[in-house]
Every structure is written in C-alpha cells, then in structure tokens.
Amino acid sequence: MKTLLKNGRMVTKENTCHQVDIWVEDKKVFAIGLDFAEKDFDQVIDLKGKLVMPGLVDVHVHFREPGFTYKETILTGSQAAARGGFTSVCAMPNLDPVPDSVENFQKVQEIIDRDACVKVYQYASITEKLRSEVLTDQVGLKAAGAFAFTNDGVGVQTAGTMYLAMKEAAKNNMAIVAHTEDESLLFGGVMHAGKRAEELGLPGILSATESSQIARDLILAEETGVHYHVCHVSTKESVRIIREAKKAGVHVTCEVCPHHLLLNDMDIPEDHGFWKMNPPLRASEDQQALIEGLLDGTIDCISTDHAPHGHDEKCQSFLKAPFGIVGSEYAFQLIYTKFVKTGIFTLEQVMNWMAIKPAEIFALQAGQLTVGSQADIAVFDIDHEYVIDAANFKSKADNTPFTGWKLFGDTYLTMVDGQIVYQKEANN
C-alpha cells in the first residue's frame with residue numbers, strides 16, 4: 001500500500017518546523033518532500049500541520065505477561081505504547097516465569113509475535129528467577145532474541161555475581177542493564193527519606209540505596225569493559241558519579257523518567273499508592289540535578305518505566321501498595337508541555353532523548369525518520385490542549401498521579417512499518 005501523510009511539520013536540526021509530505025510504501029519511508037500527486041496513493045491522510053516525528057523508543061516498560069495479566073498484557077501494553085507515540089519498546093523480565101532460559105524466553109516471544117502492535121524487544125534476566133546468584137545462559141538467550149540483560153525490579157545484590165555477569169556480557173557484546181538498589185540500605189522504606197516522609201509518618205528510602213550500587217557497578221564496568229546501562233536514575237549523587245565515570249571513559253549510559261523530572265517528594269499530597277514508585281520521587285535538588293544531567297549529556301535518554309498494577313492494589317497506603325506508575329500514554333506530552341513550551345528543552349533535544357538516542361544505545365533499528373528508514377512514525381497535535389483521562393487509556397491500569405493534568409501534544413497517529421496502529425478518534 002502507498003500512503004501519503006500530507007501537510008505535516010517536521011523538526012529540523014535547527015530546531016525549527018517545516019512543512020513536509022511523507023510518502024510511505026513497503027514498510028519504508030519512500031520519499032519526503034512536497035506536492036506529491038494524491039491520485040498516485042492508495043491512502044492519503046491530511047495531518048493539517050501536526051508535528052511528525054520518528055516513532056518514539058522506550059527502553060523500559062513492564063507488560064506483565066506471562067504471569068500478571070490482570071495488571072497488563074502484551075496486547076494492552078503495546079496498545080498503550082502506540083497511544084503515546086511509541087513504536088519500539090523494551091520489555092522487562094520480571095514475569096512468571098522469568099525469561100531466564102531459552103524455553104521461557106521463547107514463550108514470551110511467541111506472545112509478542114502474536115499480540116504486539118508495536119515492536120517489542122524483550123530483555124532476558126541476568127540471573128535465574130531474578131533473585132538467585134546463578135547466571136543465565138547469555139549465549140543461548142542472545143541467540144533466542146534477547147537484546148540485553150537485566151534483573152529490573154530488583155538490584156543484583158552481590159558484587160561477585162554482577163562482576164561475572166558483566167564479564168560474560170562483555171565477551172558476548174551485550175549490555176547489562178541495572179535496577180540499582182542495595183536492599184541492605186532499604187530499612188523498610190516506601191518513599192524518599194526527607195521532610196515529606198516525616199510529615200506523613202512513613203519510612204524513607206535513602207538516596208544511597210541507589211547511588212551506592214551504581215558506584216559499585218561503575219567500578220566493575222570499568223574493570224570488565226561492559227556496556228553498563230543504569231535504569232531510572234533519580235538522585236543527584238547518581239548523576240554526579242555517572243558524569244565522572246563518563247569522563248573517565250567508562251562505557252555507561254543511563255535513563256531518566258518523566259515523573260522524576262516533573263515531580264519531587266514535596267508534591268505528594270497524601271498517603272496514597274498512586275504516588276508510590278521505585279525509585280521514589282526525590283527531593284527538589286535531585287529533580288534539578290536530573291534536568292541538568294539531561295542538558296549536559298550525562299543522562300542519555302528518557303524512558304517511562306511504565307509499570308501497571310491493579311486499581312485496588314494501588315488504592316492503598318504507601319505501606320501496602322506496590323511500587324509503580326503507568327507512563328506510556330502521556331510521556332511525550334508531559335515533556336513537551338512542561339519543558340518544551342516553557343523553553344527549558346527544545347523539540348530537537350526531546351526527539352533525541354525519546355527516539356534517536358535510546359535506539360542508538362541498544363543498536364535498535366528505530367528512532368529515525370529519513371528516506372529509506374522503517375516507516376515507524378508518530379504524529380502529535382501540539383497546538384491544542386487536552387486532559388489526561390484514565391478512561392481513555394489503552395492500558396489496563398490507571399495508576400498515575402497525572403490524571404486531570406492539562407497537556408499539549410496528544411498523539412494523533414502512530415504507524416509501525418507503515419501500518420496505522422493508533423489513530424485518534426474524533427471524539428477523544
């Protein structure tokens with residue numbers, strides 16, 4: 001099928017928008033220009049000046065299948081990603097069974113191949129069942145389709161285990177992706193250790209819980225030469241030591257989530273599970289350090305850490321609710337509204353952090369919108385305001401404190417390999 005996306009606006013390297021028409025054919029971007037003859041196309045979509053970008057890339061999502069399908073499935077999770085303009089996502093392995101063997105990995109991959117409407121890259125675990133000290137078969141899992149290894153959801157607690165995993169991954173030219181959390185420093189914490197935790201009477205999570213394990217891992221990464229990627233950085237200390245490691249030549253990359261950029265612990269209004277996430281919302285000085293880390297290149301990309309849960313289990317106290325926040329369906333919109341429209345970030349920077357750079361980090365065939373590239377395209381309406389309404393979510397879950405926020409940049413259209421996987425309805 002030949003499709004013409006007409007009257008779109010694309011971001012240039014000069015951070016200006018110019019009008020374009022995009023010719024899509026055989027899953028590829030065939031041409032980008034102006035004034036193509038509409039009669040030559042099977043399908044013509046008038047974008048009426050909306051913003052056209054490469055499909056967004058999210059290196060951190062939880063789709064919960066197999067094992068926890070009441071929270072989310074690969075079908076609904078991928079639909080939520082498409083609703084947010086994401087065309088490629090990387091799914092975490094905290095599943096049941098864990099994709100810690102070729103057999104278990106293939107079971108997940110079969111569901112992805114059957115149900116996903118966007119491109120889903122599946123992580124394999126670093127150790128068997130996530131919490132053990134037994135390393136997985138990296139060679140076999142790579143051959144089965146794993147693109148990287150992580151125990152996300154828990155930190156690798158033993159330095160020796162992490163060292164051996166890094167050494168093996170370096171030999172296999174694979175990345176180790178780390179949820180950094182020293183459990184010996186948790187002390188039962190459920191939110192950031194600060195003034196707001198004291199006011200709410202809740203046990204706090206030290207910043208050192210995250211940063212101390214990053215420091216350990218950076219030394220090990222330097223020793224082994226592995227590509228080490230840090231999940232959801234949240235503290236100023238983490239930013240500082242990653243910056244220093246990059247200067248020293250350590251092969252380290254990292255990500256930050258929109259909620260850590262937009263909120264801090266003093267924004268938490270009450271003891272309600274929708275505000276409970278891991279890492280937790282940190283102090284205002286941490287929030288500022290994350291913004292500065294993006295701007296100076298210490299932080300490489302923005303991910304969502306889309307973590308759906310059942311409604312009832314999240315509508316509890318911090319002490320009982322699980323950690324996690326959904327984020328696929330409004331991540332770009334939050335960043336655009338709160339940072340681009342206010343002049344803190346440019347559209348070009350956001351495109352780099354949410355499409356180009358995450359694809360580059362893991363060598364994914366994604367994040368580009370050029371002639372010959374895969375026709376993975378996202379279109380956003382940046383001229384009109386809309387309200388985040390969980391009733392319109394494609395995800396099964398609604399666990400977010402952002403409900404009711406007024407944003408710009410609602411997703412109008414998402415294409416994967418030239419096929420429409422999401423299109424905004426007229427009444428939404």
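Start by selecting Ser373: leaving aside neighbours within four places in sequence, its contacts (heavy atoms within 4.5 Å) are Lys27, Lys28, Val29 and Gln368. Ser373 sits in the loop between α12 and β16 (377-387); helices (H or I, at least four residues) and strands (E, at least two) are DSSP runs, numbered from the N terminus. At 10% relative accessibility, Ser373 counts as buried, where buried means under 20% relative accessible area, exposed over 50%, and partly exposed in between (1.4 Å probe, protein chains only).

Before moving on, two notes on how to read the picture. This is a predicted model, in which local features need pLDDT of at least 70 and side-chain atom pairs count only at pLDDT 80 or more, while totals for chains, interfaces and linings use all residues. Residues are numbered from 1 along each chain as its sequence is written, and side-chain values use heavy atoms, with hydrogens and water left out.

**Stop 1: a parallel sheet**

Now select β6, β7 and β8. These three strands make an open sheet in the order β6-β7-β8, with parallel pairing; two strands pair if DSSP finds at least two bridges between them. β6 (56-61) and β8 (119-122) are the edge strands, each with a single partner, so one side of each has no neighbour in the sheet. From one strand to the next the twist averages 20°.

Zoom in on β7 (residues 86-91), which pairs with β8 in the parallel sense over four bridges. Pick Ala91 and you will find its bridge partner in β8, Gln122.

**Stop 2**

Show α1 (residues 74-83) together with α2: they pack at an angle of about 55°, with their axes 9 Å apart. α1 and α2 are therefore oblique to each other; angles under 35 degrees count as roughly parallel, over 145 as roughly antiparallel, 65 to 115 as roughly perpendicular and the rest as oblique. On the α1 side, the contact is made by Ile74, Leu75 and Ser78, and on the α2 side by Val108, Ile111, Ile112 and Asp115. By class, this contact of α1 with α2 has five nonpolar, one polar and one charged residues. Here Ala, Val, Leu, Ile, Met, Phe, Trp, Tyr, Cys and Pro count as nonpolar, Asp, Glu, Lys and Arg as charged, and the others, Gly among them, as polar.

Stay with Ile112, which lies in helix α2 (residues 102-115). Is Ile112 buried or exposed? Ile112 is buried, with a relative accessible area of 5%. Not counting residues up to four places away in sequence, Ile112 touches Ile74, Val120 and Gln122. For a distance check, draw a line from Ile112 to Ile382: they are 270 residues apart in sequence and 31 Å apart in space, C-alpha to C-alpha.

**Stop 3: antiparallel strands**

Next, select β17 (residues 406-416), where 10 of the 11 residues are buried, so the strand is largely enclosed by the rest of the structure. β17 pairs with β16 in the antiparallel sense over eight bridges, and Phe380 stands opposite Thr411 of β17. β17 also pairs with β18 (residues 419-423), again in the antiparallel sense, over four bridges. There Leu413 stands opposite Gln423 in β18. In the hairpin of β17 and β18, with two residues between the strands, Asp417 takes a positive phi near 50°.

**Stop 4**

Most residues other than glycine have a negative phi, and most peptide bonds are trans. Select Asp26, in the loop between β2 (17-25) and β3 (28-33): its phi is near 50°, a positive value in a residue other than glycine. At 60% relative accessibility, Asp26 counts as exposed. Asp305 has a positive phi of about 50° although it is not a glycine, but Asp305 is buried, with a relative accessible area of 7%.

Finish with the prolines. The peptide bond from Glu65 to Pro66 is cis, with omega near 5°, and Pro66 is in the loop between β6 and α1. Another cis peptide bond joins Asp96 and Pro97, with omega about 5°; look for Pro97 in the loop between β7 and α2.

Technical notes. Axes are lines fitted to C-alpha atoms, for helices over the stretch in contact, and angles run from 0 to 180 degrees between N-to-C directions.
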